[in-house]
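Here are my notes on the model you sent over. Have it open while you go through the points.

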Amino acid sequence: ISLAAGQTRTNALTSVSAQDVDARLAFSADKVADGGGLQFNYLVHKTAAGDYRLKLRFASTGAVTVSIAKMVGTTETQLSSRAIGSYTFTAGAKLQLRLQTVTVNGTTTLQAKVWDATTTEPSAWFVTATDTQAELQTAGQVGVLAYLSGSTTVAPVTVKVDDLQVR
């Protein structure tokens with residue numbers, strides 16, 4: 001996915017419809033974006049009403065913040081967020097992402113992990129959240145969304161997604 005400054009690109013697996021998911025992928029970018037940085041979102045339960053998303057925000061310093069959020073209509077609400085304190089993203093580095101969602105009795109539990117692909121998967125979830133947004137509790141598509149800040153001077157930035165799995 002090649003991004004120009006200020007550009008957002010979205011891709012969805014329109015043939016996939018899943019509710020309770022264990023979604024994984026590998027992420028990398030060819031540059032560390034300066035200015036306002038780079039954002040990458042792994043979307044699940046994507047319908048016309050909105051979606052749940054695992055968000056990665058890459059600062060120009062290489063710092064990474066991991067969040068779980070929901071998008072309903074045009075409103076995004078952050079449900080949980082945490083910085084990866086001991087990691088600095090570098091150009092070409094690969095991160096593994098895992099997002100699980102389970103809906104029981106009107107409550108969706110979301111939990112996510114993000115880790116350096118050169119290490120083993122951590123046993124603990126990095127961020128967790130629960131939500132009761134009825135519109136997002138149905139089966140939906142899976143997709144990715146990437147945004148490159150308009151203030152970057154290193155465009156284009158190429159984001160790569162590999163090993164995408166949804167169970």
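1. From the N terminus on, the elements run β-β-β-β-β-β-β-β-β-β-β-β, so the tally is 12 strands and zero helices (DSSP runs: strands are E, at least two residues; helices are H or I, at least four; numbering starts at the N terminus). The radius of gyration is 15 Å, close to the 15 Å from the globule rule for 167 residues, so the chain is as compact as a globular protein of that length (C-alpha atoms; the rule is 2.2 Å times the number of residues to the power 0.38).

2. Keep in mind that this is a predicted model: local features need pLDDT of at least 70 and side-chain atom pairs 80 or more, while totals for chains, interfaces and linings use all residues. Residues are numbered from 1 along each chain as its sequence is written, and side-chain values use heavy atoms, with hydrogens and water left out.

3. Buried residues make up 44% of the 167 (buried is under 20% relative accessible area, with a 1.4 Å probe and protein chains only). Among contacts between residues at least 6 apart in sequence, 64% join residues at least 24 apart (contact means heavy atoms within 4.5 Å).

4. Now look at Gln 137, in the loop between strand 10 (127-131) and strand 11 (140-148). Is Gln 137 buried or exposed? Gln 137 is buried, with a relative accessible area of 13%.

5. What does the side chain of Gln 137 reach? That side chain gets to the backbone oxygen of Asp 131 at 3.4 Å. Leaving aside neighbours within four places in sequence, Gln 137 also has contacts that include Gln 19, His 45, Thr 103 and Thr 132.

Notes. Buried means under 20% relative accessible area, exposed over 50%, partly exposed in between (1.4 Å probe, protein chains only). A polar contact is a pair of N or O atoms within 3.5 Å; within protein, one must be able to donate a hydrogen and the other to accept it, and residues adjacent in sequence count only if both atoms are side-chain atoms.
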